[in-house]
Amino acid sequence: MRRDSLFFHADFRRLWAGDTASQVGAFAGNTVIPLLAATVLAATPFQMGLLTAAETIAFLIIGLPAGVWVDRMRRRVLMLRADFVRAVLLFTIPLAWWAGVLSLTQLIVVATLVGVATVFFDVAYQSYLPSLVGREHLLEGNAKLQASQSVAFLSGPGIGGGLVQLAGAANAVLMTGLGFLTSALCLLRIRTVEEVPERHEETRLLPQIAEGLRFVFTDPALRSIVACTATSNLFNGAFTAVEILFLNRELGLSPGIIGLVLATGGIGGIVGAFFARTITRRIGQARSIWLVPLLTWPFQLLLPLAAPGWRIVLFPAALAIAGFGIIVYNVAQVSYRQAVCPDRLLGRMNASVRFVVWGMLPLGGLIGGVLGGSIGIRGTLWFVAVGETAALLWVVFSPIRKLRDLPKTPLAVG
């Protein structure tokens, strides 16, 4: 192993460990809380859509101003505060359950407030990585962090489903809160001194927000990437609203088996994260953004074909193959965004991108909930599968398709 690898970067290892703990807790929670709503509180498809929307609505409400605030503050401190806030909020769910007062309203409120803290954590985290490891290590750093996300995607649902089976859904929410606390403890151990952000001559909020949006939408490559990811997330939000209901009510699976099915789907993401750097170097960063999705995302059309019996395997198989392509795409496009953005704009750039692409998730969740109640859960899955596949057309028919690699130095800001 090369000595310049990030394996030998102590503070990156701490960030990596903290992110892994946070991701495992988050993915466990993404299984546990919908199971709690569906099996204990008997939520309808529309209520599941509301819950899904609540988890990400904060990106639409405060996503853009969050980028300005992140650029004004030390990012590690902001991440620590977000971790502690999320842990405390989630601990209120088992407390309410033990007291016999837990309601769907509380789940939606907690999900919304956790989403607010997540906005600040995610924008700060993607803006913090370049200063911690240097731009020359962004591809490796993002590949390792995406691997953690894939491991969490693999293990989190299985852990969550197993805990629900053994201890009950409300008690299993503790896992998510403990994951955020573990993340905070790892971040506390980072020794690299973060520089105080430079003061901007422009102090008004709206002009600073506009500067970040201009940077994202005036670059053709960034613009097509954002459009592709936003479209994919719109349909993914609809998928999230009905996936637990589909597995539980259409396929008749227990919470523990649902966790295993979702976990099996994460294998593709782990493989994708492991090979992302190799693929990007062999075929080029630009081709990793459009060619890999073209070969893998259409397998999502297998999702609505799953049925009781041997056809259950189509569901995790589709997730695994598409997940491989999604992770390779994410490593390539996130590394590109971080490399071409000037330091002073990182927070606003990431917030602008997150505002658009994550802002689609709550809209998709509401659409999925409405469609689940009107055309049925399986019909909604067909809507999702076609939409997710069509999303890749943004990058296939963009200037990126004519390139092998993308710029790796900051773009000029006019």
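**Burial, aromatic pairs and a helix crossing**

Tutor: Let us begin with F315, which in this predicted model has 0% relative accessibility and therefore counts as buried, since buried means under 20%.

Student: F315 pairs with F239; what makes this aromatic pair stacked?

Tutor: The ring centres of F239 and F315 are 6.1 Å apart, and pairing requires centres within 6.5 Å. The planes stand at 25° to each other, and because planes under 30 degrees apart count as stacked, the pair of F239 and F315 is called stacked. F239 lies in helix α10 and F315 in helix α14, 76 residues apart, so the pair links distant parts of the chain.

Student: How do you know whether F239 is buried or exposed?

Tutor: Its relative accessible area is 8%, which is to be set against the limit of under 20%, so F239 is buried. F239 and F315 also belong, with F246, to one aromatic cluster.

Student: Why is the pair of F235 and F383 called tilted?

Tutor: The two centres are 5.1 Å apart, with 55° between the planes; because stacked requires under 30 degrees and edge-to-face over 60, with the rest counted as tilted, the pair of F235 and F383 is tilted. F235 lies in helix α10 (residues 220-250) and F383 in helix α17 (residues 377-391), so this pair ties together parts that are 148 residues apart in sequence.

Student: What makes F235 buried, and what makes F383 partly exposed?

Tutor: F235 has 14% relative accessibility and so counts as buried, the limit being under 20%. F383, at 34%, counts as partly exposed, because that class runs between the limit for buried and the limit for exposed, which is over 50%.

Student: Why are α6 and α14 called roughly perpendicular?

Tutor: The axes of helix α6 (residues 104-133) and helix α14 (residues 314-340) come within 10 Å and cross at roughly 65°. Angles of 65 to 115 degrees count as roughly perpendicular, and α6 and α14 are therefore described in that way. Their crossing is right-handed, and the residues that meet are Q126, L129 and P130 in α6 with V334, R337 and Q338 in α14. Those contact residues divide into three nonpolar, two polar and one charged.

Student: How do you know that T176 is buried?

Tutor: T176, which is placed in helix α8 (residues 169-188), has a relative accessible area of 4%, and because buried means under 20%, T176 is buried. Leaving aside neighbours within four places in sequence, T176 is in contact with G25, A26, A28, G29 and L90.

Definitions and conventions:
Residues are numbered from 1 along each chain as its sequence is written. This is a predicted model: local features need pLDDT of at least 70, side-chain atom pairs count only at pLDDT 80 or more; totals for chains, interfaces and linings use all residues. Side-chain values use heavy atoms; hydrogens and water are left out. Axes are lines fitted to C-alpha atoms, for helices over the stretch in contact, and angles run from 0 to 180 degrees between N-to-C directions. Helices (H or I, at least four residues) and strands (E, at least two) are DSSP runs, numbered from the N terminus. Angles under 35 degrees count as roughly parallel, over 145 as roughly antiparallel, 65 to 115 as roughly perpendicular and the rest as oblique. A crossing is left-handed if the near helix is turned anticlockwise from the far one by less than a right angle, and right-handed if clockwise. Contact means heavy atoms within 4.5 Å. Ala, Val, Leu, Ile, Met, Phe, Trp, Tyr, Cys and Pro count as nonpolar, Asp, Glu, Lys and Arg as charged, and the others, Gly among them, as polar. Rings of Phe, Tyr and Trp (its six-membered ring) pair if their centres lie within 6.5 Å; planes under 30 degrees apart count as stacked, over 60 as edge-to-face and the rest as tilted. Buried means under 20% relative accessible area, exposed over 50%, partly exposed in between (1.4 Å probe, protein chains only).
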